[in-house]
Amino acid sequence: MTQETHIGVEPAENVPGPLAGVVTGAAYGVLFLLGVVLGVVGGFQHAWYAGEVPVGAIGWLAALFAVPYAMGRLMGGKLGALVPAVGWLLASFLLATPQRAGDLAIAGNSAGYWYLYGGAVAVAAAVVVTRSTGSWLLKAYGRP
């Protein structure tokens, strides 16, 4: 045996597959919820203006790039950036559709356009520029 094991402690490579899958799935679930929270909070807080400039929406663009990019880097791949981006897209575009009473949270004004369309570009750019440590589709499990 080439690896030194301590009493009762397994090396990280020997963690059972189902347990590792549950932890990974839970992590991606939390990332999706993080994206939904970004969408809900941003949907109600993007309309801050300084004169005619929608500073709230422009500030959210920085956050909408930074959060998916950071999560992608922490998770080690583009999927880590894509999952919160999808959560944000679903929540934001749901808040931009008119409801039965005619209400909507993200209006069709300059702040709304900056937040929705600029945010879509920001999360897409975050996914594209995130480096991946390798494709999970092409990994050869069990091979040296």
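Begin by selecting Trp-60, Trp-88, Phe-93 and Tyr-115, which form one aromatic cluster; rings of Phe, Tyr and Trp (its six-membered ring) pair if their centres lie within 6.5 Å, with planes under 30 degrees apart counted as stacked, over 60 as edge-to-face and the rest as tilted. The model is a predicted one, in which local features need pLDDT of at least 70 and side-chain atom pairs count only at pLDDT 80 or more, while totals for chains, interfaces and linings use all residues. Residues are numbered from 1 along each chain as its sequence is written, and side-chain values use heavy atoms, with hydrogens and water left out.

Next, keep Trp-88 and Phe-93 in view: their ring centres are 6.5 Å apart and their planes stand at 80°, so the pair is edge-to-face. Trp-88 is buried, with a relative accessible area of 0%, whereas Phe-93 is partly exposed at 32%; buried means under 20% relative accessible area, exposed over 50%, and partly exposed in between (1.4 Å probe, protein chains only).

Now turn to Trp-88 and Tyr-115, whose ring centres are 5.6 Å apart with planes at 75°, so this pair is edge-to-face. The pair links distant parts of the chain, since Trp-88 lies in helix α3 and Tyr-115 in helix α4, 27 residues apart; helices (H or I, at least four residues) and strands (E, at least two) are DSSP runs, numbered from the N terminus.
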